[in-house]
Amino acid sequence: MINKPLVSIVSAGLSKFGRLDGMYGRELFVDAAKEAFDRCPNLNPIKDVEALFVGHMGESYEHQGHTGPTLADWAGLLPKPAMRLESACASSGAALRTGIFAILSGIHKVVMVGGVEKMTHRTTAEVTEFLAMASDMPFEQWHGITFPGLYALMATAHMHEYGTTEEQMARVAVKNHHNGTLNPKAHMQKEITVEKALGSKVIAWPLKLYDCSLITDGASCVILAHPDIAKKFTDSPVHVIGSGQASDAIGLYEREKLTTLKAARLAGQEAYGMAGVEPKDVDVAEVHDCFTIAELMAYEDLGFCGSGKGGNLIEDGTTELGGDLPVNPSGGLKSKGHPVGATGTAQAYEIYLQLTGQAEKRQVEGAEVGLSHNVGGSGATASVHIYRRD
Amino acid sequence: MSEKPPFTVSTFYKFVSEKRLMAAKCNECGTVLLPPKPMCTKCLSTNLKWIELEGTGKLVSYTVIHIAPEQFQSLAPYAVGIIELKKGLRLPGMICGVDHEKLRVGMKLKIDFEPLTSSKWPAWHRYFFKPI
């Protein structure tokens with residue numbers, strides 16, 4: 001039985017994702033906030049939005065910390081309380097969860113949660129170094145292990161243990177690039193082939209360029225309201241019915257297994273239990289495909305298939321648009337892009353569109369239950385949210 | 001270091017500079033902590049001792065890094081892996097002295113120590129792994 005809502009999403013906004021020269025992170029956030037405000041004319045943001053929680057991974061990119069009040073200022077929300085949540089690439093998944101806490105605590109009735117990252121003005125070497133800060137400094141960074149390197153270690157182990165192939169990983173990239181062509185806000189707007197993905201430059205073997213998500217600029221937000229008052233603002237809210245989050249060792253080497261993210265499994269179990277739904281009930285999912293192997297592991301960790309069967313699920317078309325369980329209709333981190341702090345609520349934005357029938361060319365027909373899966377670092381943080389339409 | 005040095009990452013790397021691979025062991029429950037931590041994360045005791053590990057193990061997973069942060073670019077492409085020293089005790093590190101095509105999960109490796117360190121913070125010595 002599907003359980004009652006924790007909170008309701010009454011609006012959502014997303015900036016264009018891509019290389020957005022000349023825009024500062026705070027200005028990207030205004031794009032997202034303005035879309036959310038315009039979508040919901042019955043909401044008076046200055047009066048109704050009581051607090052802001054934002055995900056933002058790194059002050060290194062723009063030499064700008066203290067992101068909460070900065071974004072509150074630019075979004076016209078002063079003097080409302082605003083704070084930043086940092087959980088690496090799961091920062092805005094954590095912001096979403098914090099917004100849920102804020103409403104369930106009874107302190108706030110309406111809050112905005114979102115995220116931002118401005119990355120593309122930095123060199124690839126700089127971004128590689130900044131992202132690596134989300135890994136274990138003394139034993140991973142100090143020994144030259146990069147983020148692609150950590151996921152490559154998982155991929156090698158998955159290939160060894162389960163026979164997963166580079167071609168199966170490439171198929172994830174092909175699917176998500178296709179979906180990205182259907183999303184006008186996606187960073188990439190081009191189809192690729194398995195051959196092209198397999199022949200691309202090696203980043204950290206076995207991961208190649210097309211196995212990696214994009215360095216992207218972007219911002220996202222959703223507006224949450226207490227379920228009892230959501231209908232005041234919109235006739236078609238989307239309800240958050242489950243929220244799970246878990247932690248694991250910061251160092252990949254300290255984890256029990258390299259072929260699964262235990263934190264994602266635990267977060268998923270918590271969210272499913274709270275929501276009263278099972279994996280088979282999910283109609284559409286946005287998962288954290290920071291690398292193609294991560295999407296295959298997400299299928300397994302979220303119970304869409306058994307351990308080691310992720311490669312089969314991409315091969316049989318289940319997760320394509322038109323399949324039984326479309327995954328990453330937005331294009332995912334792979335093609336829509338991965339402005340790290342913005343990703344968690346960008347996933348919530350896509351699920352909001354899908355469950356309100358507003359996803360246009362990439363609409364999953366009849367979708368009633370959605371799921372988002374947001375991972376921080378190499379899996380030391382994972383948050384999972386489950387949604388249903390009104 | 002005859003008295004008990006603190007159970008910190010810095011002490012671990014001080015031992016590395018002496019070509020020793022050391023871990024913390026809990027005197028209460030026997031858990032071995034690698035990396036060392038000031039408190040046993042299984043039973044929360046701070047009654048710990050240092051123990052020396054043998055420094056041989058098998059390769060659990062590996063990758064060859066082609067795109068590296070600036071300080072490692074001169075080494076790229078370089079191999080890194082996770083080495084299991086004993087059941088449940090693993091360390092990551094660079095793998096040197098092996099043709100990248102010959103890297104295999106399960107291969108036997110042993111630790112070795114670099115003679116020099118970088119002058120940049122935190123100026124720790126590094127260990128690495130090589131085939132036996």
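## Strands of chain B

In chain B, strands β5 and β6 run antiparallel and are joined by 7 bridges. Strands, like helices, are DSSP runs numbered from the N terminus, with at least two residues (E) for a strand and at least four (H or I) for a helix; two strands pair if DSSP finds at least two bridges between them. This is a predicted model, in which local features need pLDDT of at least 70 and side-chain atom pairs count only at pLDDT 80 or more, while totals for chains, interfaces and linings use all residues. Residues are numbered from 1 along each chain as its sequence is written, and chains are lettered from A and ligands numbered from 1 in the order in which they are written.

A residue is buried if 20 or more other C-beta atoms, placed from the backbone, lie within 10 Å of its own, exposed if 12 or fewer do, and partly exposed in between.

Strand β1 (residues 22-26) pairs with β3(B) over 5 antiparallel bridges, and B:Lys25 stands opposite B:Lys49 in β3(B).

An automatic or database domain assignment provides the domain bounds, and it divides chain B into domain 1 (9-52) and domain 2 (56-131). The centres of the two domains, taken over C-alpha atoms, are separated by 21 Å. Contact between residues requires C-beta atoms, placed from the backbone, within 7 Å; by this rule 7 residues of domain 1 of chain B meet 7 residues of domain 2 of chain B. Helix α1 (residues 9-17) of chain B gives the most to the domain 1 side, with 3 residues.

## Where the chains meet

In the interface between the chains, 26 residues of chain B are in contact with 26 residues of chain A. On the chain B side, β4 (56-65), β5 (78-86) and β6 (89-95) each supply at least two residues, and β4(B) gives the most, with 6 residues. The residues of this side comprise 19 nonpolar, 4 polar and 3 charged. Here Ala, Val, Leu, Ile, Met, Phe, Trp, Tyr, Cys and Pro count as nonpolar, Asp, Glu, Lys and Arg as charged, and the others, Gly among them, as polar.

Strand pairing also links the chains: strand β5 (residues 202-205) of chain A and β4(B) are antiparallel over 2 bridges. In this pairing A:Ala204 has B:Ile65 as its bridge partner.

## Helices of chain A

Helix α7 (residues 166-181) of chain A has 16 residues and reaches 23 Å from its first C-alpha to its last, close to the 22 Å expected at 1.5 Å a residue. The expected span is 1.5 Å times one less than the number of residues. With 12 of its 16 residues buried, α7(A) is largely enclosed by the rest of the structure. Its buried residues pack against α6 (147-162), α8 (194-198), α11 (292-301), α12 (310-315) and α13 (332-335) of chain A.

Helix α1 (residues 25-39) of chain A has 15 residues. Its buried residues include A:Gly25, A:Leu28 and A:Phe37, and they pack against β1 (7-14), α2 (45-48), α3 (67-74), β4 (110-117) and β7 (218-225) of chain A.

## Backbone exceptions in chain A

Most residues other than glycine have a negative phi, and most peptide bonds are trans. The bond from A:Leu78 to A:Pro79 is cis, with omega near 5°, and A:Pro79 lies in the loop between α3 and β3 (82-85) of chain A. The bond from A:Trp205 to A:Pro206 is likewise cis, with omega near 5°.

A:His63 has a positive phi of about 55° and is exposed, with 6 other C-beta atoms within 10 Å. A:Asn328 has a positive phi near 60° and is buried, with 29 other C-beta atoms within 10 Å.

## Confidence

The model scores ipTM 0.96 and pTM 0.97. Chain B has a mean pLDDT of 93, and 95% of its residues reach 70 or more; pLDDT is the predictor's confidence in each residue, from 0 to 100.

Note on methods:
Contact = placed C-beta atoms within 7 Å.
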